[in-house]
Amino acid sequence: MGKSILVRFVLINVAVFIAVHIAALCISVAEIDLSLIRWLELPPVFMDALTLPWTFITYMFTHYDIWHILFNLLWLYCFGLVFLDHFSERDFIIAYFSGGIAGAIFYLSANAIFPQIASNGLLGASAAVLSIAAATVTRAPNYHINLILIGMVKIKWIAVACIAIALLTVGTHNIGGHIAHIGGIAAGIIFAIGCKYGWWHKQTRKRKAVILKPLHRQSVSEASAREEAEKELDKLLIKVKQSGYNSLSEKEKQKLSDLSKKI
(Lines give C-alpha, C1' and ligand atoms only; values in the text may rest on other atoms or scores of the structure.)
Protein backbone atom coordinates (compact mmCIF):
# COMPACT_ATOMS: atom_id res chain seq x y z
CA MET A 1 0.00 0.00 0.00
CA GLY A 2 1.28 3.43 -0.91
CA LYS A 3 2.56 5.77 1.76
CA SER A 4 1.92 8.96 -0.24
CA ILE A 5 -0.73 10.26 2.17
CA LEU A 6 1.72 10.01 5.08
CA VAL A 7 4.38 11.94 3.17
CA ARG A 8 1.82 14.60 2.22
CA PHE A 9 0.79 15.17 5.83
CA VAL A 10 4.42 15.41 6.92
CA LEU A 11 5.12 17.93 4.14
CA ILE A 12 2.04 20.00 5.03
CA ASN A 13 3.26 20.31 8.62
CA VAL A 14 6.74 21.26 7.45
CA ALA A 15 5.37 23.78 4.92
CA VAL A 16 3.20 25.48 7.56
CA PHE A 17 6.16 25.61 9.98
CA ILE A 18 8.38 27.30 7.36
CA ALA A 19 5.61 29.68 6.26
CA VAL A 20 4.92 30.76 9.85
CA HIS A 21 8.57 31.57 10.50
CA ILE A 22 9.04 33.39 7.19
CA ALA A 23 5.90 35.46 7.87
CA ALA A 24 7.04 36.16 11.44
CA LEU A 25 10.41 37.34 10.12
CA CYS A 26 8.78 39.65 7.55
CA ILE A 27 6.43 41.10 10.16
CA SER A 28 9.37 41.70 12.51
CA VAL A 29 11.44 43.43 9.82
CA ALA A 30 8.47 45.60 8.85
CA GLU A 31 7.94 46.39 12.54
CA ILE A 32 4.26 45.49 12.33
CA ASP A 33 2.52 44.71 15.62
CA LEU A 34 0.80 41.48 14.52
CA SER A 35 0.83 37.94 15.89
CA LEU A 36 0.32 35.46 13.04
CA ILE A 37 0.11 32.50 15.42
CA ARG A 38 -3.03 33.99 16.94
CA TRP A 39 -4.86 33.31 13.66
CA LEU A 40 -3.72 29.68 13.50
CA GLU A 41 -3.81 28.42 17.11
CA LEU A 42 -7.00 27.23 18.80
CA PRO A 43 -8.06 29.80 21.45
CA PRO A 44 -8.54 28.43 24.98
CA VAL A 45 -12.05 29.88 25.31
CA PHE A 46 -14.88 28.18 23.40
CA MET A 47 -16.62 31.41 22.35
CA ASP A 48 -13.34 32.81 21.01
CA ALA A 49 -12.80 29.59 19.08
CA LEU A 50 -16.21 29.97 17.43
CA THR A 51 -15.15 33.35 16.06
CA LEU A 52 -12.10 31.63 14.49
CA PRO A 53 -13.63 28.29 13.35
CA TRP A 54 -10.76 27.44 10.96
CA THR A 55 -8.43 27.12 13.95
CA PHE A 56 -10.04 23.75 14.76
CA ILE A 57 -8.12 22.52 11.68
CA THR A 58 -5.13 24.86 11.38
CA TYR A 59 -3.92 24.27 14.94
CA MET A 60 -3.19 20.59 14.23
CA PHE A 61 -0.77 21.51 11.42
CA THR A 62 0.93 24.46 13.14
CA HIS A 63 4.15 24.36 15.17
CA TYR A 64 6.43 27.16 16.28
CA ASP A 65 9.14 25.34 18.23
CA ILE A 66 11.59 23.24 16.18
CA TRP A 67 11.74 20.43 18.74
CA HIS A 68 7.96 20.29 18.91
CA ILE A 69 7.60 19.66 15.18
CA LEU A 70 10.55 17.25 15.02
CA PHE A 71 9.15 15.10 17.81
CA ASN A 72 5.61 15.09 16.37
CA LEU A 73 6.68 14.29 12.81
CA LEU A 74 9.05 11.56 13.96
CA TRP A 75 6.21 9.77 15.77
CA LEU A 76 3.77 10.48 12.93
CA TYR A 77 6.10 8.89 10.39
CA CYS A 78 7.04 5.87 12.51
CA PHE A 79 3.51 4.99 13.60
CA GLY A 80 2.07 6.12 10.25
CA LEU A 81 4.08 3.47 8.39
CA VAL A 82 2.69 0.74 10.64
CA PHE A 83 -0.82 2.27 10.51
CA LEU A 84 -0.87 2.05 6.71
CA ASP A 85 0.06 -1.64 6.89
CA HIS A 86 -3.29 -2.28 8.62
CA PHE A 87 -5.56 0.56 7.47
CA SER A 88 -6.24 2.43 4.25
CA GLU A 89 -5.06 5.92 3.29
CA ARG A 90 -8.66 7.12 3.75
CA ASP A 91 -8.56 5.73 7.30
CA PHE A 92 -5.34 7.68 7.91
CA ILE A 93 -7.06 10.96 7.01
CA ILE A 94 -10.06 10.16 9.19
CA ALA A 95 -7.95 9.09 12.19
CA TYR A 96 -5.69 12.17 11.94
CA PHE A 97 -8.53 14.69 11.77
CA SER A 98 -10.74 12.90 14.32
CA GLY A 99 -7.82 12.88 16.77
CA GLY A 100 -7.19 16.58 16.20
CA ILE A 101 -10.86 17.51 16.60
CA ALA A 102 -11.22 15.30 19.71
CA GLY A 103 -8.13 16.95 21.18
CA ALA A 104 -9.65 20.38 20.56
CA ILE A 105 -12.96 19.39 22.18
CA PHE A 106 -11.22 17.93 25.25
CA TYR A 107 -9.04 21.04 25.52
CA LEU A 108 -11.93 23.51 25.29
CA SER A 109 -14.19 21.46 27.59
CA ALA A 110 -11.52 21.15 30.29
CA ASN A 111 -10.75 24.87 30.09
CA ALA A 112 -14.46 25.68 30.38
CA ILE A 113 -14.61 23.72 33.65
CA PHE A 114 -11.20 24.80 34.97
CA PRO A 115 -10.30 28.13 33.28
CA GLN A 116 -6.92 28.28 34.99
CA ILE A 117 -5.46 25.25 33.17
CA ALA A 118 -4.85 27.01 29.85
CA SER A 119 -3.74 30.58 29.33
CA ASN A 120 -2.36 30.15 25.80
CA GLY A 121 -3.92 28.70 22.66
CA LEU A 122 -3.45 25.13 21.46
CA LEU A 123 -0.82 24.42 18.80
CA GLY A 124 0.68 21.27 17.29
CA ALA A 125 -0.19 17.93 15.74
CA SER A 126 0.25 15.98 18.99
CA ALA A 127 -3.43 14.99 19.44
CA ALA A 128 -3.71 13.94 15.78
CA VAL A 129 -0.44 12.00 15.91
CA LEU A 130 -1.47 10.25 19.12
CA SER A 131 -4.73 9.25 17.44
CA ILE A 132 -2.72 7.52 14.69
CA ALA A 133 -0.47 5.90 17.30
CA ALA A 134 -3.36 4.74 19.50
CA ALA A 135 -5.25 3.27 16.53
CA THR A 136 -2.10 1.42 15.45
CA VAL A 137 -1.42 -0.03 18.88
CA THR A 138 -5.07 -1.03 19.32
CA ARG A 139 -5.12 -2.79 15.94
CA ALA A 140 -1.69 -4.46 16.05
CA PRO A 141 -0.28 -4.41 19.61
CA ASN A 142 2.26 -7.15 18.87
CA TYR A 143 3.75 -5.52 15.78
CA HIS A 144 7.54 -5.29 16.15
CA ILE A 145 9.66 -2.21 15.52
CA ASN A 146 13.44 -2.41 15.29
CA LEU A 147 14.86 0.23 17.65
CA ILE A 148 18.48 1.32 17.51
CA LEU A 149 20.58 -0.16 20.38
CA ILE A 150 17.54 -2.11 21.64
CA GLY A 151 16.40 -4.34 18.78
CA MET A 152 12.92 -5.66 18.02
CA VAL A 153 10.29 -4.28 20.41
CA LYS A 154 6.50 -4.67 20.33
CA ILE A 155 4.78 -1.32 19.76
CA LYS A 156 2.49 -1.88 22.75
CA TRP A 157 5.53 -1.60 25.06
CA ILE A 158 6.64 1.57 23.28
CA ALA A 159 3.15 2.98 23.90
CA VAL A 160 3.30 2.01 27.59
CA ALA A 161 6.69 3.73 27.93
CA CYS A 162 5.37 6.91 26.27
CA ILE A 163 2.32 7.00 28.55
CA ALA A 164 4.51 6.49 31.63
CA ILE A 165 6.82 9.34 30.57
CA ALA A 166 3.82 11.59 29.90
CA LEU A 167 2.34 10.87 33.34
CA LEU A 168 5.65 11.48 35.09
CA THR A 169 6.17 14.81 33.33
CA VAL A 170 2.66 16.17 33.91
CA GLY A 171 2.81 19.24 36.11
CA THR A 172 1.40 22.72 36.07
CA HIS A 173 2.98 23.34 32.65
CA ASN A 174 0.81 22.74 29.57
CA ILE A 175 -1.99 20.86 31.34
CA GLY A 176 -4.36 21.87 28.55
CA GLY A 177 -2.05 20.25 26.01
CA HIS A 178 -1.96 16.99 28.00
CA ILE A 179 -5.76 16.94 28.12
CA ALA A 180 -5.84 17.42 24.35
CA HIS A 181 -3.49 14.43 24.06
CA ILE A 182 -5.99 12.30 25.99
CA GLY A 183 -8.67 13.31 23.49
CA GLY A 184 -6.45 12.23 20.59
CA ILE A 185 -5.69 8.87 22.20
CA ALA A 186 -9.38 8.23 22.90
CA ALA A 187 -10.28 9.05 19.30
CA GLY A 188 -7.64 6.66 17.96
CA ILE A 189 -8.78 3.77 20.15
CA ILE A 190 -12.45 4.30 19.26
CA PHE A 191 -11.56 4.55 15.57
CA ALA A 192 -9.62 1.25 15.60
CA ILE A 193 -12.38 -0.58 17.48
CA GLY A 194 -14.96 0.87 15.09
CA CYS A 195 -12.98 -0.40 12.09
CA LYS A 196 -12.73 -3.85 13.65
CA TYR A 197 -16.51 -4.14 14.12
CA GLY A 198 -17.45 -2.33 10.92
CA TRP A 199 -18.89 0.84 12.48
CA TRP A 200 -17.30 3.13 9.89
CA HIS A 201 -17.27 0.89 6.82
CA LYS A 202 -20.15 -0.96 5.24
CA GLN A 203 -19.60 -4.68 5.33
CA THR A 204 -19.39 -6.07 1.82
CA ARG A 205 -21.59 -9.05 1.14
CA LYS A 206 -19.54 -12.16 0.60
CA ARG A 207 -20.19 -14.00 -2.64
CA LYS A 208 -20.45 -17.73 -2.79
CA ALA A 209 -17.33 -19.36 -4.04
CA VAL A 210 -17.51 -20.70 -7.58
CA ILE A 211 -15.61 -23.94 -8.02
CA LEU A 212 -14.23 -24.40 -11.51
CA LYS A 213 -13.06 -27.65 -12.92
CA PRO A 214 -9.29 -27.81 -13.39
CA LEU A 215 -7.99 -27.54 -16.94
CA HIS A 216 -5.82 -30.56 -16.32
CA ARG A 217 -5.67 -33.22 -13.69
CA GLN A 218 -3.03 -33.13 -11.01
CA SER A 219 -1.67 -36.18 -9.37
CA VAL A 220 -2.38 -36.71 -5.68
CA SER A 221 1.26 -36.10 -4.80
CA GLU A 222 1.38 -32.82 -6.77
CA ALA A 223 -1.79 -31.57 -5.11
CA SER A 224 -0.46 -32.53 -1.69
CA ALA A 225 2.86 -30.79 -2.32
CA ARG A 226 1.10 -27.63 -3.50
CA GLU A 227 -1.14 -27.66 -0.43
CA GLU A 228 1.89 -27.92 1.88
CA ALA A 229 3.62 -25.08 0.04
CA GLU A 230 0.53 -22.89 0.39
CA LYS A 231 0.38 -23.58 4.14
CA GLU A 232 4.05 -22.61 4.56
CA LEU A 233 3.48 -19.44 2.52
CA ASP A 234 0.46 -18.52 4.64
CA LYS A 235 2.48 -18.91 7.85
CA LEU A 236 5.22 -16.62 6.53
CA LEU A 237 2.72 -14.00 5.33
CA ILE A 238 0.97 -14.00 8.71
CA LYS A 239 4.32 -13.42 10.42
CA VAL A 240 5.09 -10.53 8.04
CA LYS A 241 1.67 -8.96 8.72
CA GLN A 242 2.05 -9.23 12.52
CA SER A 243 5.73 -8.36 12.93
CA GLY A 244 6.93 -6.87 9.66
CA TYR A 245 9.16 -8.20 6.88
CA ASN A 246 12.37 -7.51 8.84
CA SER A 247 11.29 -9.99 11.53
CA LEU A 248 11.96 -12.85 9.08
CA SER A 249 15.29 -14.61 9.13
CA GLU A 250 17.36 -14.71 5.93
CA LYS A 251 16.31 -18.33 5.42
CA GLU A 252 12.64 -17.40 5.82
CA LYS A 253 12.99 -14.46 3.40
CA GLN A 254 14.50 -16.77 0.78
CA LYS A 255 11.79 -19.35 1.39
CA LEU A 256 9.09 -16.66 1.04
CA SER A 257 10.58 -15.58 -2.28
CA ASP A 258 10.81 -19.15 -3.58
CA LEU A 259 7.27 -20.06 -2.54
CA SER A 260 5.85 -16.87 -4.04
CA LYS A 261 7.42 -17.67 -7.39
CA LYS A 262 6.36 -21.30 -7.22
CA ILE A 263 2.73 -20.65 -6.30
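I started with Tyr197 and Trp199: both are exposed, meaning over 50% relative accessible area, where under 20% is buried and in between is partly exposed (1.4 Å probe, protein chains only). For Trp199 the relative accessible area is 53%. The model is predicted, so local features need pLDDT of at least 70, side-chain atom pairs pLDDT 80 or more, while totals for chains, interfaces and linings use all residues. Residues are numbered from 1 along each chain as its sequence is written, and side-chain values use heavy atoms, without hydrogens and water.

Next I looked up ring pairs. I took rings of Phe, Tyr and Trp (its six-membered ring) with centres within 6.5 Å; planes under 30 degrees apart are stacked, over 60 edge-to-face, the rest tilted. The count is 14 aromatic pairs. Tyr197 and Trp199 form a stacked one, with 6.3 Å centre to centre and 25 degrees between the planes. I also noted one aromatic cluster, whose members include Phe9, Phe87 and Phe191.

Then I checked charges over rings (NZ of Lys or CZ of Arg within 6 Å of the ring centre and within 35 degrees of the ring normal). Arg139 lies over the face of Phe87, 4.7 Å from the ring centre. Arg38 lies over Trp39, also at 4.7 Å.

I found Ala49 buried, at 0% relative accessible area.
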